[in-house]
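Subject: Structure handover and notes

Dear colleague,

I am handing over the structure below, followed by notes on what was found in it. Please read the notes with the structure open beside them.

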Amino acid sequence: KFGQNCSSYLTLEKGKSYYFGKSVNGLVAYGIVKGTVVVLGEPICAAKDFTILLSEFKNYCQDNAYSIIILNTTSMFLKEYEML
């Protein structure tokens, strides 16, 4: 329903881990490589919930001592990425 990024379909590939939003309906699909969380494409949620979901995910990564890299993003949420 909310997968607007051309890479959103890759969330269904085997080997992904998922972070599900705690206060919003959404998810982030990711892999971990040498202590770095790698996300391909945007988190998947309603546009109005994006900042909340990304903030929750950022906190999750910090709490678990992971660095984050998000690849193949679009300009749709550039302001939110810069803010966080």
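Of the 84 residues in the protein chain, 35% count as buried, where buried means under 20% relative accessible area, exposed means over 50%, and partly exposed lies in between, with a 1.4 Å probe and protein chains only. This is a predicted model, in which local features need pLDDT of at least 70 and side-chain atom pairs count only at pLDDT 80 or more, while totals for chains, interfaces and linings use all residues. Residues are numbered from 1 along each chain as its sequence is written, and side-chain values use heavy atoms, with hydrogens and water left out.

The protein chain exposes about 5300 Å², of which carbon and sulfur atoms supply 55%; accessible areas come from the Shrake-Rupley method with a 1.4 Å probe, and for residues only the protein chains shown count as cover. Among contacts in the protein chain with a separation of 6 or more, 61% are accounted for by residues 24 or more positions apart, a contact being heavy atoms within 4.5 Å.

As for secondary structure, the protein chain has two helices and five strands, and from the N terminus on its elements follow the order β-β-β-β-α-β-α. Both kinds of element are DSSP runs numbered from the N terminus, with helices (H or I) of at least four residues and strands (E) of at least two.

Strand E2 (residues 26–33) takes part in several pairings, and two strands are said to pair if DSSP finds at least two bridges between them. Strand E1 (residues 17–20) runs antiparallel to E2 and is joined to it by four bridges, with Tyr-19 having Val-28 in E2 as its bridge partner; E1 and E2 form a hairpin that has five residues between the strands. E2 also pairs with strand E3 (residues 36–40) in the antiparallel sense, over three bridges, and here Ile-32 stands opposite Val-37 in E3. The hairpin formed by E2 and E3 has two residues between its strands, and Lys-34 in the turn has a positive phi of about 50 degrees. Finally, two bridges join E2 to strand E4 (residues 44–45), again antiparallel, and Gly-26 stands opposite Cys-45 in E4.

The salt bridge is formed by the side chains of Asp-49 and Lys-48, at 3.2 Å from N to O. Asp-49 is buried, as its relative accessible area is 11%, whereas Lys-48 is exposed, with a relative accessible area of 68%.

Which charged residue is buried yet has no salt bridge? That residue is Glu-80, for which the nearest side chain of opposite charge, Lys-79, is 5.2 Å away; in this assignment Lys and Arg count as positive and Asp and Glu as negative, while His and the chain ends are not counted. Glu-80 lies in helix H2 (residues 78–83) and touches Phe-50 and Thr-51, not counting residues up to four places away in sequence.

Ile-69 is placed in strand E5 (residues 67–71) and, at 35% relative accessibility, counts as partly exposed.

Technical notes
Salt bridge = Lys/Arg side-chain N within 4 Å of Asp/Glu carboxyl O.
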